[in-house]
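Biologist: I would like to learn how to read a protein model, one feature at a time. Could you take me through this one?

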Amino acid sequence: MEKLVKDNLVRDIGVCNFTIRKLEKLLKLAQTTPSVCQMEMHPGWRNNKMLDACKRNGIHVTAYSPLGSGNLIHHPVVEMIAKKVNKSPAQVLVKWAFQRGTSVIAKSTHADRIKENIMVAGWEIPQEDFQVLSSIPDQAVYTSHCWLTLIYTAL
Ligand SMILES: NC(=O)c1ccc[n+]([C@@H]2O[C@H](COP(=O)([O-])OP(=O)(O)OC[C@H]3O[C@@H](n4cnc5c(N)ncnc54)[C@H](OP(=O)(O)O)[C@@H]3O)[C@@H](O)[C@H]2O)c1
């Protein structure tokens, strides 16, 4: 992959589903620092330590499953904040990710929802609500990705 960058065949290379240990190991060997690290991230799976590690090393983070694979859309805290800021739960979840400095890849099979999910400019989740959202109990047990991540982390 580094050769592809040197040969000007690709501009950026990245990693996905990395642990801090794997990232540190890679950074010791790499000639090209990854531009981006993609990992599961949403209020129920915050991955703060990896986010900090990436920020320290100038690696941009992309959050996948930012809506908790749809599971967080009906979470009472998300619904409560969405009502307060007059946005949809999905928009609140996308905005939460942006306010943490990550990009997102949210998925929908509905055109109207895709449009809705990107309409997040010109407003902010107030700090107190951001903190509440950032403290909801960890939902790792509810999502299969998280189980995979837990197993992966343990290896
Ligand atoms: N790199 C990796 O290892 C990895 C792992 C997992 C996922 N990903 C990628 O991450 C992306 C998203 O992940 P994901 O699909 O797990 O989770 P997600 O984007 O968090 O959630 C998708 C779910 O939310 C629903 N949804 C989307 N917008 C909505 C809205 N406005 N209102 C209500 N429901 C809404 C969708 O249903 P509808 O389709 O019915 O709207 C779908 O069930 C995918 O492109 C996937 O390829 C990457």
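Modeller: Buried means under 20% relative accessible area, exposed over 50%, and partly exposed in between (1.4 Å probe, protein chains only). Please keep in mind that this is a predicted model, where local features need pLDDT of at least 70, side-chain atom pairs count only at pLDDT 80 or more, and totals for chains, interfaces and linings use all residues. Residues are numbered from 1 along each chain as its sequence is written, and side-chain values use heavy atoms, with hydrogens and water left out.

Biologist: Where is Asn117, and which residues does Asn117 touch?

Modeller: Asn117 sits in helix H6, residues 111–118. Helices (H or I, at least four residues) and strands (E, at least two) are DSSP runs, numbered from the N terminus. Leaving aside residues up to four places away in sequence, Asn117 touches Leu67, Ala90, Val94, Ala106 and Ser108. Contact here means heavy atoms within 4.5 Å.

Biologist: How many helices and strands are there in the protein chain?

Modeller: The protein chain has 8 helices and 4 strands. Along the sequence they follow the pattern α-β-α-β-α-β-α-α-β-α-α-α. Of the 155 residues in the chain, 41% are buried.

Biologist: How do I read the sides of a helix?

Modeller: An α-helix has 3.6 residues a turn, so residues three or four places apart point the same way. Take helix H4 (residues 76–85), whose buried residues are Val77, Val78, Ile81, Ala82 and Val85. Looking down the axis of H4, these buried residues fall within an arc of 135°, so they line one face of the helix. The arc is that of the directions from the helix axis to the C-beta atoms. On the other side of H4, Pro76 and Lys83 are exposed.

Biologist: What covers the buried residues of H4?

Modeller: The cover includes helix H5 (89–99) and helix H7 (127–133).

Biologist: Now, how do I read a salt bridge?

Modeller: Side chains of opposite charge can pair when their charged atoms come close. The rule used here asks for a side-chain nitrogen of Lys or Arg within 4 Å of a carboxyl oxygen of Asp or Glu. By this rule the count comes to 4 salt bridges. In one of them, Lys84 pairs with Asp129, and the closest N and O atoms are 3.0 Å apart. Lys84 lies in helix H4 and Asp129 in helix H7, so the pair ties together parts that are 45 residues apart in sequence. Glu128 also meets Lys84 in a salt bridge, at 3.8 Å from N to O. Together, Lys84, Glu128 and Asp129 are linked in a network of salt bridges.
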